[in-house]
Structure formats: structure tokens, C-alpha cells
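Please keep the sequence and the 3D view open side by side.

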Amino acid sequence: MRVALPKPLEIHDLTVAYQQKPVLYGIDLEVEPGSLVGIIGPNGAGKSTLIKAIMGIMKSVDGYVKVFGDSSRKALTRVGYVPQRESVDWDFPVTAMDVVLMGRFGHIGWFKRISKRDRSFASECLEQMNMLPYANRQIGNLSGGQQQRVFLARALAQQSDLYLMDEPFEGVDAITEKAIVDLLKNLRNQGKTLMVVHHDLSTAKDYFDHLALLNLRLVAYGKTEDVFTHDLLQKTYGGKLTVLSEVGSRKLNEKQPTQEAL
Amino acid sequence: MLDFAEALLDPWSTREQVIWNLQIVFMGMMVSLSCGLVGCFVVVRRMALLGDAVSHGVLPGIVTAYLITDSLSIGPVWIGACLAGLGCGASIEWLRTKTPLREDAAMGLTFTSFFALGIVLLSLEAGATHLDPACFLYGEIGLTPLSPKLELWGLPSGNQALWNMGVVCLTTMISVIVFYRFLLVTSFDCSLARSLGMPVIWIQYGLMLLLALVVVASFESVGVILVLAMMILPPVSSAFLFHRLPSILMCCLPLSIFYSVAGLQLAYSMNFPISASMALAGIVIFLPCCLLGPNGGVLTNSKKLKTRKSSRDLSAN
Amino acid sequence: MFLPIWKKLKYMLLILVLSKEASVLKAAQISSESDKDWINQAIRFWTFTDPSIQIIALGAILIGINCGLMGGYVVSRRLSMFGDTLSHAVLPGIAVGFMFSQSKNEAVLMIGATLSGFLGVGIISLLKRHTKMKEDSAMGLVLSGFYALGICLITYLQQSPNGGTSGLESYLFGSLVGLSDRDLVPLCFCLSLIIICFILLNKELLLSGFDPSFARSVGLPVDILQFCIWILMAFCIVSSLQVIGVVLVSALLIIPAATAGLLTYRMSQILVYSGILGALSGIVGCFLSFMGERLPAGPVIVLCSTLLFLAVLFFSPARGILPSWFRTRRRGQRIRFENTLKACYQVLESRSFSSQSFPQTALAQRRGKSDAEIEKEIGVLIREGYATRQEFPTEQKSELPSETMVSLTPSGWEIASRMIRNHRLWELYLTKEASYAPDHVHDDAEKIEHIIGEKTVRQIERILDNPQRDPHGKPIPSQDDIDRGWLSPPLVADK
């Protein structure tokens, strides 16, 4: 009997709140390995929140997330996260090389020295993103596109199996955009799974082979050609489900006893 | 000019003076080094105000430990301070999450209440103790040489205060070196820390415990409020000089020597408290770093802008 | 010679300690005029006949009101730590003011302190704007740097030939003792300034604090208003310094206002409550400090305000922790009997509403609970008037001598059918409007059915166009069915 490999991502009934209002309500999602998934939806739909909830940065009120069949913190060692540019402290005293090397810490071991091999691997990752000439520059002294490429180089250095990326195309030039798309497709072809928060509908169809339509709840998930339809997009972008949001809000405010007292 | 040189060298004229002053300088150097090393991470994690809160909040713990054990030996005082510091941190967190209070109000409310409690406890027992509340505010590093002398194998080897501070200083240096990667990653990018499997919360608590240790060891010398100066001044000054964290950490050593020596000289010539003079010396060094430092100094930036602008004008023409 | 230096340091410490003793002595003097009996002392305080007591009481109350009112805007604009920085930054100004005036001339000290505070604030802004220093580092730097400068200047002054500096260190922790009626003048001035500003600029302050960018877009001078707040804060701090002390004055700017924030959301009410709470902390703290001979006023007043905060936090009937906990428990109990009633409906439905009553055992089966538990649950229902119970003799073939039959009262029926309607309606909404899978909606409906309000139900019925059946095909009770009570089986349209 063949034992099924655990799926890279399994989300069940996930509810995440922010300031007593639900941002995600009852999300159910299963992702197959080797998918390049675009997460799309209107502003405030919870796209970034979904990624953050998977990483454990935001706490979920209900439901669970399993990464490769494991819901504990250990599972996150197989996940590479590329954050939104605005959430990084660009004044932090690190260079581009420092950032990429940080991605190798998991492989180096916490207390071992950084070997020449690690350094050369980090250089290769920077090279792949055309950032090697800037290796010793402090990250605040880089342009927007260059900053994005440093973080992608770090993601490469991590050699993760599941990548979560939060708006990697935001505010980058055309050359960087093409570089990122090529990188994503390369990683996908290597069998990695990628979940990418994306804001631009016009390019979503071309960049991703699967789409997750999100607006407080998961409107639809599937292959791009099946899901990128007028009806489903209308449901996703057609305005806030105020009733769902209000009722969800009330449920969060009531805290526990929506269940029986003993 | 000669008078100035004379005034400068006057405190160092006799042998007893030199030994006396060296002890104070050494103490001051260890205090600033420990505070500076911890302060680098406090500043880079944007925890400066939390550092302020914790250094005030440990007071009731210190006072209680003192009242129970009737001495300022570092062991029980550190335990008391850690408990109070952790209590302070936990209260801030609880108030922030479980009540409508926002973070800054939670911090302000908690640490001032803890501090007030400490002062009240101290005042209630003022007759029984010889601790003056003002001592907590700016310490008395000048009394270092009066600390009981220690002898190892029959040889005079410094005094108790210096040894205590030395152990703390060494602990701080070792902790920073051993846990450097953890501190670096959790300060820069918590999500990467999670990806690497680092225990983010434990590292935060570890840093707070180290902070409490440094505050406890330093408050007798520089008082609780100036501990903050010693924590913030080194990293913000060296940030204008270097652009990598290891260099900033290493810069704490020469800075601490400067603070100590210059502070002592200033204190002798102007009759200021030594701890406050050390802080003033720190500010004196901070100003040129801030203005002229190669890494983001105010005037260097505007010069860069001017040269960029003029080269743009040139190319436009 | 180094010995004089050491002697000077010891001297300085001695002066500090002695002057503290002196101030303690003075406090003792106030309280030892009559006998040492503390009840008499207390009565002496609260009758306010003694002029020195009148002054300190009035001073404490004024400070409480000033800081409370000011605190309303400090807390809502997130300036709490800023107040702490400001209160430390005024120290050099006090020393310099003293140097200029050669005495404790209040006006000069206040002006010096205010200017010093502003210098500190200005430096923070400059550092933030022109360097990459972050706000918290800048604030910490100014806080400790100015404080160091202040300490240096004060010790320098204490060694100068002019004595009479023994009042200066009372600025560290505060003392009620040196308070004269001259000291009340700046407090009254500050209070009137605060009241006038708050009344005149009420709307502007509210808007600029809540949404600065919108306020700017409608032409409000947001920066000037912020500046006004800072000036008022500085005045408030400086006038309260003598009683509360540098280290703790910021506490009074935060704690009463934070307490008021637990009681209400409206700014005008926050200001009023905050002022009252501040005054209360002031007078009680003043009393305790007066009674305890060694207690400095500042920390005691702060602790009083903290205790008030904790009392409101735990016991306030609207949002306090203990009343909330009790409410939560009661809600849990209500949910339990609502679920029982729901199960009753489901049992009746499974029998196609052929009879008004059903056996208790059937209910036990549906609820999945033991007979004893069901016995208790039905008991609760009967007590609340939602159900009735009767013993009926069974047919001969049954083993049991009698069977307990339960039936619902009209009010019980109303709740039961309402729960069922809520549940099924919500399931339908989730599947049709929100695209959830039909097999995933049950758990959520189990929770929502208890908290969804009538208004939302109407909304959903409108959105779904008065539906008849839920996603599993079960009929949804209409309002008619609910209102009619158990007179006849619910009319369910076939198809």
C-alpha cells in the first residue's frame, strides 16, 4: 500500500481576526506539490494575512494549518518566506550578503562557523539574481527592485520546499519583474511549491498555474483556466460580504461561549 | 594651556590616586561595555522605550530582595530584579492584549506603577536601611574603590564590586558572541527566525533577562535612569560610523573606555557626579558622529546630495 | 588632592540625605501638632480646617485634575512615553532657572523648565527627520541625556555658596511639604489654560488626533494643534513637578486617562472622568502621604491612581473583567438549554410532527447524552417554563413500567424553532452567497445560531429571497411558524 506524501499545505477552517474583526473566515485549502499558486483578491481581503497565518506571525482564532502534514513549529523549517518590502527595516545594519547568509543558517547549524562553501553558495544565489556586485552594500542603499532581489536570493539560499511570497512584484521595474517570473517558474519546475500574493489581475492569468480567489473567505481555488472566470471574479471583487463580516465580528467578540457551559 | 594640562593631570599625581582612579575607570568601562552590548540589540529591535520601562520596573524587585536579605549581594537582587522585570513585561503584554489599552499607555502605566511601588517600599523601610532613593537615580560609582577587598590565594585581587561587574560584563560578552546569530535574525526578521526554527519568544525573554542583569549590576554605579543612556549612546553613535552590526558591537569597547575616562575627568574638574559625566561624555562623542559620520551623518548626507545634484546639473548642461 | 573630591561626594550625599530627613521632619511637624492618635489625624485632615492642610489638599486635587484632563489627549494621541521623555527633559531647565533667579522663584523655574522641555522635543524631531535614528532611540537619548545634564547642573548648584537649594531634590520624587499658596497659582493658571483650550478647540483637537491626514486635507493646522498639546503638557508637567517629582509626573498623565478609557469611548466623557479620577487619586494619595510620615507624595498618589485603574478594570459593570466572566458563564448556560430545545425540535421533526410530545429517551439519543444528564437538562427547561413532562404507562410489550414524555410550551417552541431557523438560514447563506462547501458549514452554524440577531436574519432572508429549504433540503421555519407556537404543525410547502 502506498503511503500518500503529505501535501505541502493543508488549511482547515482557518479564521484569523485583526482588532476583533475577521480578516479570514473558515478557510479550507489544500495545495498539491509543484504548484505555482497566485493568491488574488481585493485590498483588505486577507491575502497577506493568509501567508502570515501560515507562518505563525498572526495567530488564528479557529482552525489549523498543516505544512507537509505537520502543524507544529518544526514544519516551518521547510518554508521560505519573502516578506512585503514595507515590513522590512531597511536601516538595519546588514549588507546584502549578510541577508543571504542568514538564509543559510538553517543548513549551517546554529553554532557552527560559516564555511567557504556556504559563502560561495550565497554568492551564487546573489549571482542568480544579478546582485553579486552589491553584496557588500547596506540594504538601505539599494533600489526597490534590488531590495526585492536580495530577499529572493535569500529564499533561494534557504533551499525550501514551500515558498510563501508577499507581493514580490510590488513596485519593481520591468527587468526585475521578468527575473522574478523566471525564478518562480524555475523553482516550480524543480518541484517546489509556491504561494504568491499578487495584486495585479491582468498578469495573474499568465504567471500562475493555480489561483486562490480570496475575499474574507475562499471563493474558489483551482487551475487558473478553471477559476479565472467572470462569475468567480465578480464574486471575489464584487464588494464586501458585510453580513459575513458583521456576524463573524460578533462571533469573535462573544469569545468562547458559542459553546455550551459545562 | 598649562593650567588646563595641570588640571587634567592633577587627579593622577600620586600613586594612591592612580590606583583609586583606575578602579573607577575600570568599573565605568565595564558598566558601559555591558550596557552598550545589550543596548545594541535593544536599539536595533526598537525596544529603547521598553528598555527604559524595564530599567524602572525592576526597582521593586531590587528593593524587596534588599529588604529580605538585608544586603545588596548580586544573586538575590538579580533574582528579585528578574522577577520584577518579567512581571513588568508580562503586565505590559497582558494589558496590551486583554484590555483596550494601547502599547504606549500599557508601558507607561506599568513601569511607573512598579517604580512608584519600589519607592514606597523603600521609603517605608527608610529607617531600617541605609539606602537613599536618590542613589537609585544616579548611583555612586565613585565609591567603587571602597568596596570590600578580595584576596585570592593570599594575593590582593581587586574588590568585590569590580569582580561582580566583571562577571556580569563577561557574561554579557559571552552571551552576545554565542547567541549572536539568534539575536541577529530575531531582531531583523522574525519570520525568517521561524523558518529557521529559532525559538523567537525565548530569545526575547533571554534578552530581557540579560537586560535585567545589566541593570541590576549597574544601578549601584550609575543609577537606573542613566543605565538607559549607557545602553543607547554606544549603538546610536557607532551606527553613524559603521554599516554592519558586528562592527557596531565591537565599537562599544573603545567608546566605553572613552566614556569612562572622559567622564571621570569631567567629574573631577566640574564636581559633577561621575555617572552623569559619563553620559555627557557620551553625548559629546555622539554629536560629531551624528553630524559627520560616514554612514548617514547629517552633513555627509547633505554633502552627498549636493555632489549628486551638482553632477546632475553638470550632466544636464 | 583626591581626598577633597571624595569628601565632596560624601558631602553631597549627606546633604541629600539630610535634606530628605529635613523634609520628613517638616512633615512630621505638620502631623504632630496635636496628639499622635491617627484617628485624630485623619479627622484633622478631612475637616480641612488647618490652612496648611487646605493648601496641600487643594494642590493635590488641582494636580490631579490638570494631569487627568491633559492625560485624555496624551493617551488618545499615544503620547504616553513622550510625556515621560518630556518630564525628564525639564530637569536641566529647572537647574538653569534656579541659577538665574538665585532662589526658588516659581515663574523663572517654570519658564526654564518649559524651554528645556521644548528643546528636548525639538531635538527628537530633528533627529527623526534628518537621521535614520528611530523615534524610540531618539526619545531614550533625549530622556537620559537631558536627565544627566540636569543632574550635573543640580549637583553643581548644590555646591555653590547659595544654600537654599535643599528644595531642588524634592523635584526628583516630590513632596507636599514645601507647598505654599504661591505654588497654587501656576496650578490654577495651568488649569484655566487647559479648560479654555479644550473648550475652544474641542472639535479640532478631536479630529486632528483621530485622523491627521484628513484633518490636514480640510485645512486644519495639525502641526500647530500638536504643538499646543505639547505646550499644555509641558505646563502641566512643570506645575506638578514639585508635588509629584520628575520621575513620576508622567504617570499621572497616563493612568487616570487610561482608567477613563475603560469606562467610556466618548472623548468628552473621558476628559470628565479622567479629571475626576485624577482629583480622587490626588486627594487620597495626599491623605495617605500625610498620614505616613515617611511616604513621599508622588509615588503614593501614583499608586492610588493605579489601584483605581485596577478596580475599574476588574469590577466595572459594563466591561470589567469579573462581571464579564459572570456574563460569559451565564451565556454558556443559555447556549446549553438553547441546544437542548433545538434537539427537541429535531426529535419532533424526525417524527414528522405527528405528536406534540416525545419520549425523553429519544432526546437522550439525539443529544448523545446519558439519561441522568438529560433528566437535568429537561429539569432546567421545565424550570424556565419551556417544557413540561408527564409520565405515561407504556404498552405491555415494553420493559419499562412507564415512559417520560416531554412536550414544549409555546415559549419553548419559539426558541427551538428560532434556533433551527437561524442554523439552517446561516448554512444556506454560507453555501449560496459565500461559496462555502455544504459539508463544511454545519460547525459554524452551530455557533452562529446563538448569536445572530433578528436584524441580521431579516437581512439574510432578503438577500436569499425568503428561502424555504437549507442546503441539505431541510425546511426552514418561517416567522409564521415561530409565532404561531405549537398550535399546529409547521406549514411546509411541498416542493
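Once its neighbours within four places in sequence are left aside, Asp89(A) is in contact (heavy atoms within 4.5 Å) with Ile139(A), Val44(B), Arg46(B), Phe188(B) and Lys134(C). You will find Asp89(A) in the loop between β5 (79-82) and α2 (96-108) of chain A; helices (H or I, at least four residues) and strands (E, at least two) are DSSP runs, numbered from the N terminus. With a relative accessible area of 15%, Asp89(A) is buried, where buried means under 20% relative accessible area, exposed over 50% and partly exposed in between (1.4 Å probe, protein chains only). The side chains of Asp89(A) and Arg46(B) are joined by a polar contact of 3.3 Å. A polar contact is a pair of N or O atoms within 3.5 Å; within protein, one must be able to donate a hydrogen and the other to accept it, and residues adjacent in sequence count only if both atoms are side-chain atoms.

Before going further, a word on what you are looking at. This is a predicted model, in which local features need pLDDT of at least 70 and side-chain atom pairs count only at pLDDT 80 or more, while totals for chains, interfaces and linings use all residues. Residues are numbered from 1 along each chain as its sequence is written, chains are lettered from A and ligands numbered from 1 in the order in which they are written, and side-chain values use heavy atoms, with hydrogens and water left out.

Now step back to the interface of chain B and chain A. Here 23 residues of chain B are in contact with 34 residues of chain A. The buried area (accessible area, 1.4 Å probe, that two parts lose on being put together, summed over both) is about 2,500 Å², and carbon and sulfur atoms give 64% of this. Arg181(B), Phe188(B) and Arg194(B) supply 31% of the area that chain B buries against chain A, more than any other three residues. The rule finds three salt bridges across this interface, a salt bridge being a side-chain nitrogen of Lys or Arg within 4 Å of a carboxyl oxygen of Asp or Glu. Asp98(A) and Arg244(B) meet through their side chains in a salt bridge (2.7 Å, N to O). Eight residue pairs are in polar contact across the interface of chain B and chain A (both at pLDDT 80 or more).

Turn next to chain C and chain B, where 62 residues of chain C are in contact with 66 residues of chain B. The area buried between them is about 5,600 Å², with 78% given by carbon and sulfur atoms. Across this interface the rule finds zero salt bridges, and four residue pairs are in polar contact (both at pLDDT 80 or more). As for chain C itself, its secondary structure comes to 22 helices and three strands, and 53% of its 495 residues count as buried.

Finally, return to chain A for a hairpin, which β1(A) and β2(A) form with two residues between them. In the turn, Gln19(A) has a positive phi of about 50°. Strands β1 (residues 9-18) and β2 of chain A pair (DSSP finds at least two bridges between them) in the antiparallel sense over seven bridges. Val16(A) stands opposite Leu24(A) in β2(A). Strand β2 (residues 21-31) of chain A is mostly covered, with eight of its 11 residues buried.
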